[in-house]
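User: Hello! I am new to this structure and would like to learn how to read it. Could you walk me through its features?

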Amino acid sequence: MIQPLAYVHPEAKIAQNVVIEPFAIIHKDVEIKEGTWIGSHAVINSGARIGRNCKIYSGAVIAGVPQDLKFNGEVTQAIIGDNTTIREYATISRGTEEHWRTEIGSNSLVMAYAHVAHDCRIGNHCILTNNVQMAGHVHMGDWAIIGGSSSVLQFTKIGAHAMVSGGSLVRKDVPPFTKAAREPLSYAGINSVGLRRRGFTNEQINEIQEIYRYVFLRGFNNAEALNRIELDIPATAERDEVLNFIRNSERGIMKGPGSGSSE
């Protein structure tokens, strides 16, 4: 299934049923698992680990050298999970000695011209829309979505099931289950449509809405809001996920609507 006009390094590990189209380039120290398709002119560099049934479209570059002046040639990886699609001209850098790998989970979609920088960790079922530009060390939880032409600052965290509006500048952490929009980026409600599609009950959605009323709408600072949530709302997986995310935020979370600058 490897076309004769493709270049595949003899030491690359290519599983059965992998299709490699003409003019694709597969370098040394690459592993590609069963059922994956590599389009014409895609470049898979050393350190790439690509899972099963992935699709890598034309012009995509996987495991490129990090755009980090501190990178010193260390042996690192870029890992792509099963059933993930990388569209045309997307670029995914491999890691640095900070984390040693860049990771994109399973069943995710990275659309055309998006960039995922070194040491990012992208969860399962995530979507990076066209031309998303993601700096190094960004963490993105499962089922999160970033709208087109958005830019994400280094070390930022985006929680599970969050949705970021297109054209956003993400300077602060975006808590799980929320929608983020406007400039500066701020809370725009919870991602109720996405949560319903993923099987969350009305009771769970109502609980998440109530949690974020404490965080963003009732005038409490973060510490006060978290204390009140623990006192007033019974423990659930969703409640504790929100509390842990906010408590562990190093950059600080986005502001509530009408709160001014997110810097």
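Analyst: Gladly, and let us start with terms: helices (H or I, at least four residues) and strands (E, at least two) are DSSP runs, numbered from the N terminus. Two strands pair if DSSP finds at least two bridges between them. This is a predicted model, in which local features need pLDDT of at least 70 and side-chain atom pairs count only at pLDDT 80 or more, while totals for chains, interfaces and linings use all residues. Residues are numbered from 1 along each chain as its sequence is written, and side-chain values use heavy atoms, with hydrogens and water left out.

User: What do S26 and S27 form, and how many residues lie between them?

Analyst: S26 and S27 form a hairpin, with four residues between the two strands. In the turn, Arg-182 has a positive phi of about 70°. Strand S27 (residues 186-190) runs antiparallel to S26 and is joined to S26 by three bridges. Within this pairing, Thr-178 has Ile-190 of S27 as its bridge partner.

User: How do I read the pairing in a sheet?

Analyst: Strands of a sheet pair through backbone hydrogen bonds, either parallel or antiparallel. Here, strand S24 (residues 163-164) is joined by two bridges to strand S26 (residues 178-181), and these run parallel. Met-163 stands opposite Lys-179 in S26.

User: Which strands make up the open sheet with mixed pairing, and in what order?

Analyst: That sheet has 10 strands, in the order S3-S6-S9-S12-S15-S18-S21-S24-S26-S27. Its edge strands are strand S3 (19-20) and S27, each of which pairs on one side only.

User: And what is the order of the nine strands whose pairing is parallel?

Analyst: Those nine strands also make an open sheet, ordered S1-S4-S7-S10-S13-S16-S19-S22-S25. Strand S1 (7-8) and strand S25 (169-170) are the edges, each pairing on one side only. Inside this order, strand S10 (residues 61-64) and strand S13 (residues 91-93) run parallel and share three bridges. Val-61 stands opposite Thr-91 in S13.

User: Now the helices. How is a packed pair described?

Analyst: Two packed helices are described by the angle between their axes and the distance between the axes. Axes are lines fitted to C-alpha atoms, for helices over the stretch in contact, and angles run from 0 to 180 degrees between N-to-C directions. Helix H2 (residues 202-217) and helix H3 (residues 222-232) pack at about 155°, with axes 8 Å apart. H2 and H3 are therefore roughly antiparallel; angles under 35 degrees count as roughly parallel, over 145 as roughly antiparallel, 65 to 115 as roughly perpendicular and the rest as oblique.

User: Which residues of H2 and H3 meet?

Analyst: From H2 come Ile-211, Tyr-214 and Val-215, and they meet Asn-222, Ala-225, Arg-228, Ile-229 and Asp-232 in H3. Contact means heavy atoms within 4.5 Å.

User: At what angle do H2 and H4 pack?

Analyst: H2 and helix H4 (residues 237-247) pack at about 30°, with their axes 10 Å apart. These two helices are therefore roughly parallel to each other. The contact is made by Gln-204, Glu-207, Ile-208, Ile-211, Tyr-212 and Val-215 of H2 with Glu-238, Arg-239, Val-242 and Ile-246 of H4.
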